[in-house]
Amino acid sequence: MNDSRDIWQFVDAKQEPLIALSDRVWAMPELCYAETRSAAEHAAELERQGFRITRNVAGIPTAMIGEAGEDGPVIAILGEYDALPGLSQEAGIAEPRPLENGGNGHGCGHNLLGAGAMLAAVAVKDWLARNGLKGRVRYYGCPAEEGGAAKAFMVRAGAFGDVDAAISWHPASFCEVMPAVSLANTRIDFTFHGRASHAAASPHLGRSALDAVELMSVGVNYMREHMPGDARVHYALLETGGIAPNVVQARAKVRYSVRARDLAGMHELVERVKRVAQGAALMTETRVEPQIISAVSNLLANDPLERAMHDVLQQLGPPPFDMADRKFARAIQDTLTDQDIDSVYRTVGEPRGDAPLCDKIIPLDAPRNLMRGSTDVGDVSWAVPTVQAHGAMMAIGTPLHSWQVVAQGKMPAAHKGMVHVAKVMAATACKLLTDQALRDAAKADHAARTARHPYHCPIPADVAPPLDMARV
Ligand SMILES: [Zn+2]
């Protein structure tokens with residue numbers, strides 16, 4: 001299938017209910033593994049669109065799969081719907097104004113990510129039915145991308161076992177095939193156990209778990225100089241041992257996120273961080289318990305799929321933004337720093353321009369200066385050939401995890417960007433469904449890469465999805 005215009009009509013025909021889904025999810029921002037209402041909205045829409053639904057995938061109440069079509073190849077389209085804490089923000093204004101102080105907000109645009117992926121799946125379903133073709137399309141409703149690694153648990157549970165290829169996207173400033181570069185990441189909690197005591201009357205009897213947490217930070221901070229340049233270690237204090245300075249803190253807990261270029265590098269670094277924790281326990285005469293919470297793999301590229309998706313992008317061109325979209329995007333850009341904007345241009349290898357919204361397709365071989373985060377799509381990409389798009393829907397330079405993303409998340413430009421990227425994903429899926437040679441090439445590429453580095457799920461077998469994560 002060289003011409004994608006046919007499938008794009010199916011996307012256009014179903015855009016309204018899916019834009020409405022995105023806006024509803026925007027208005028009910030829920031954190032990882034607590035996306036109960038958002039997941040219910042997704043399941044209800046899948047049902048209305050005639051998908052067969054499997055709930056509670058991998059034992060996760062907010063994970064689901066909707067399937068349509070019969071026999072043939074199976075194409076997975078992945079969506080997300082979790083929000084972030086502290087990013088509550090009104091839509092449509094270019095200044096920080098929370099709807100609810102300290103409330104959640106869709107600061108990574110996952111309201112669009114989920115609904116856009118479902119729009120692609122719905123269009124492919126309708127296209128298969130209209131053309132009487134064999135083949136199945138599945139929408140994977142994947143919760144807890146923000147640190148919960150739900151997709152890695154879904155891969156571990158075998159949810160992708162019969163899938164031929166997977167497609168997803170992420171909201172961004174520019175349209176491009178997403179470079180398959182991300183860091184493997186483990187989240188690991190260290191709980192230190194000491195001994196409480198009166199901090200003035202009997203300090204010699206106490207052993208401080210809080211001291212251990214602080215010494216562990218010092219040790220890790222010294223370790224940073226001696227890590228690979230692209231590795232990252234961050235931490236957050238979960239329990240400090242109470243609010244009373246006159247009680248020696250008997251228990252304290254710190255969460256570490258340890259990232260490296262690949263799983264082998266990550267496992268090595270995790271062992272070093274564990275040894276630092278042991279050192280802190282030794283110095284303070286406390287005891288430490290490490291507990292892995294979640295982990296994700298780095299992304300695996302797939303050349304044939306990336307070329308196929310890029311062809312679609314070139315045929316489609318950039319999203320049809322208008323003057324009003326550009327005016328609001330310009331107002332958002334006025335709230336950004338020059339560094340914010342420069343850094344986004346560098347990630348796509350483009351010289352700084354002055355368009356407020358994307359007006360081009362970034363070439364596959366652009367000389368990018370990549371920003372390296374982590375994503376649980378990584379594990380899907382090790383299980384099956386996977387490709388992702390960056391869909392342009394926000395003012396160029398908008399940093400992810402910011403109030404500016406929330407402010408733009410249900411504006412007309414966001415809706416246009418979502419429909420546009422749904423066309424990219426749907427047309428890529430249709431190519432895969434009808435082109436055996438493309439499927440074979442994608443599988444051969446995947447087999448060659450995984451033969452060099454066999455995949456082992458980075459989450460230990462006895463670690464269950466951290467369903468209470470949002471309540472920590
Ligand atoms: Zn995200």
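The domain assignment, an automatic or database one, divides the protein into domain 1 (5-182 + 299-452) and domain 2 (184-294). The model is predicted, so that local features need pLDDT of at least 70 and side-chain atom pairs count only at pLDDT 80 or more, while totals for chains, interfaces and linings use all residues. Residues are numbered from 1 along each chain as its sequence is written, and side-chain values use heavy atoms, with hydrogens and water left out.

Taken over C-alpha atoms, the centres of domain 1 and domain 2 lie 36 Å apart. Eight residues from domain 1 and eight residues from domain 2 form the contact (heavy atoms within 4.5 Å). Between the two domains about 570 Å² is buried, and carbon and sulfur atoms give 44% of this area; buried area is the accessible area (1.4 Å probe) lost by two parts on being put together, summed over both. On the side of domain 1, Gly 147, Arg 372 and Ser 374 supply 66% of the area buried against domain 2, more than any other three residues.

Zero salt bridges are counted between domain 1 and domain 2 (a side-chain nitrogen of Lys or Arg within 4 Å of a carboxyl oxygen of Asp or Glu). Two residue pairs, both at pLDDT 80 or more, are in polar contact across the interface; the rule requires a pair of N or O atoms within 3.5 Å, where within protein one must be able to donate a hydrogen and the other to accept it, and residues adjacent in sequence count only if both atoms are side-chain atoms.
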